[in-house]
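Please read them beside the coordinates.

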Amino acid sequence: MRDTRRTRIVLAVLLLVSFTLITLDVRGGDSGPVGAIRSATGTVFGPVQRAVAAVYEPVRNFFGGLGHDEHARLVQLEKENTDLTLRLRTSQYAESRAAELDALLKVAGLGQYRIVPAQVIAVGPAQGFAWTALLDAGSRDGLKVGMTVINGDGLVGRVKSVTNSTATVLLLVDGESTVGSRLEGGLTLSLANGQGGNQPMQLQVLDPRVALTSGDRVVTRGSDFVSGVPIGVVTKVQPTQGTLVRVADLQPYVDVRSLDLVGVVVQGPRTNPRDSVLPPRPSAGPSASASPSATASPSGSAGATASAGPSASASPSR
Amino acid sequence: MTVPRAALAVVLLSTAVVLQTAVLSRIPLPGATPDLLLLVLVGLALVQGPVSGAVTGFFAGLLLDLVPPADGTVGRWALVMCLVGFAAGRSRDTVGRSTFRPLLVVAGLAAAAILGYALLGLLLGDPRVTWSALTDSLPTAVLYDVLLTPFVVPFVMSLARRVEPEPSWARLPR
């Protein structure tokens, strides 16, 4: 079959329109005309996606091997559980922070994360290479672009765009996502970069002298995200000789493939919660090392005795 | 593009994109998400031919670009799916009423769609397009799409034939 003139014209026009759209979107971003079309589409499709997700939710749970009677109760308990876990984490933070401040400043009064709970109702198809999720809460619930999204396990991502009733979350594993972070017990700036949901995240520690071992835990640093939210565990330290940046694989706490109930932090803590939001040591983190936070300095008292014999000069290793 | 054709395309594509984002992509399958929209597009184009296929594909891609939580550059999927629809429409006469050939068309076009989208991403400097992301999604996408084809494409094709004024195989190619 040969293409007619009409076929060619139609195809050429459509391709031209596509290129124009791409150019407009790349140039204009979310403020341009394409951004307006995008948010209008979200307003139309959001309620439909929400309805379908509501219908699909029992099916999802049914295939989890659960009877129909207990389902509603189970959902209720699940919600309560997540809610309590979040509250427990934040109150742990509050307690430890209170002790800290009592000791130092004799000051009480606590700031906590204020959370709007939301349900994931849609996820971007994996072949778009983007890792995004749609929440059933939007600007009318107080959500704004840039807010931190967490769940009972840790950091989920950041609100990328909102409509009236929905919000799109850029998940932390997305290739465009970079989270300003720090190692537990330290203050060294590091960056947790997403590399897609099928790859571990990449952690860049911007200090070559920092002791980095697998099992180290990473929390948000608190410039772009709310501070102190657990991100993940270092699983493998990449050999980086002679560079200024140390690189490691980072396994996020949150399983982005089975997101369900999340919380959007509409108001962060007034002061840094430091490491208190991290789960207790034994339950999370496969590390066997006893004290990874203390940067081992092998010099000290041993160095004085070592100067006696030349054979014992192993201690000044670096 | 006649009114019944357009109406059918709007209904089927909207349903597909909602099911794809709200249901299929939430099933924790390894690799890619079954591309229901592509299957619907191929089904329509196999009945309606290259011109309709290109137009339908353009709007199908636009839906993928716009319906949240999509976050890529708008127009990327539109461009790719326009070509996919055109290619599926051109294969109409070779596919005919065969049951096996649509599988080949779907397999080829599923791979081509992902490669095309990744290529456009490289041209635009999209940091999400990496080799590992591609090797994760490409084989599984082809597999899932081919597995779903017997359940989706014949159904869509029969619907599309029903709204045609005359059976497409009886018409001369224009």
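1. Chain A has four helices and twelve strands, where helices (H or I, at least four residues) and strands (E, at least two) are DSSP runs numbered from the N terminus. Of its 318 residues, 37% count as buried; a residue is called buried if 20 or more other C-beta atoms lie within 10 Å of its own, exposed if 12 or fewer, and partly exposed in between, with C-beta atoms placed from the backbone. Among contacts in chain A between residues at least 6 apart in sequence, 58% join residues at least 24 apart, a contact being a pair of residues whose C-beta atoms, placed from the backbone, lie within 7 Å.

2. On provenance, this is a predicted model, in which local features need pLDDT of at least 70 and side-chain atom pairs count only at pLDDT 80 or more, while totals for chains, interfaces and linings use all residues. Residues are numbered from 1 along each chain as its sequence is written, and chains are lettered from A and ligands numbered from 1 in the order in which they are written.

3. Chain B has six helices and zero strands, and its pattern along the sequence reads α-α-α-α-α-α. The chain has 174 residues, of which 57% count as buried, and its C-alpha trace spans about 50 × 30 × 30 Å along the principal axes. Of the contacts in chain B with a separation of 6 or more, 71% are accounted for by residues 24 or more positions apart.

4. Helix α2(B), residues 36-66, spans only 16 Å between its end C-alpha atoms, whereas a straight helix of 31 residues would span 45 Å at 1.5 Å a residue; the expected span is 1.5 Å times one less than the number of residues. A bend of about 145° is found in α2(B) at Gly49(B), with a proline, Pro50(B), following within four residues, the bend being the angle between axes fitted to the seven residues ending at a residue and the seven starting there. Helix α3(B), residues 76-90, reaches 22 Å from its first C-alpha to its last, close to the 21 Å expected for its 15 residues. As to burial, 30 of the 31 residues of α2(B) are buried, so α2(B) is largely enclosed by the rest of the structure, and α3(B) is likewise largely enclosed because 14 of its 15 residues are buried.

5. The contact between the chains takes 53 residues from chain A and 49 residues from chain B. On the side of chain A that touches chain B, the elements giving two or more residues are α1 (5-28), α2 (33-62), β1 (114-123), β2 (132-135) and β5 (167-171). By class, that side has 26 nonpolar, 19 polar and eight charged residues, with Ala, Val, Leu, Ile, Met, Phe, Trp, Tyr, Cys and Pro counted as nonpolar, Asp, Glu, Lys and Arg as charged, and the others, Gly among them, as polar.

6. Gly124(A) is found in the loop between β1 and β2 of chain A and counts as buried because it has 27 C-beta neighbours inside 10 Å. Leaving aside neighbours within four places in sequence, the contacts of Gly124(A) include Trp131(A) in chain A and Thr21(B), Ser25(B) and Pro69(B) in chain B.

7. Strand β11(A) is joined to β8(A), residues 201-205, by five bridges in an antiparallel arrangement, and pairs in the antiparallel sense with β10(A), residues 230-237, also over five bridges; two strands pair if DSSP finds at least two bridges between them. Asp249(A) in β11(A) is the bridge partner of Gln202(A) and of Lys236(A). In a regular strand the side chains alternate between the two faces of the sheet. The covered face of β11(A) holds Arg246(A), Ala248(A), Leu250(A) and Pro252(A), and the uncovered one Val247(A), Asp249(A) and Gln251(A). Gln251(A) is partly exposed, with 17 other C-beta atoms within 10 Å.

Key: Two residues are in contact if their C-beta atoms, placed from the backbone, lie within 7 Å.
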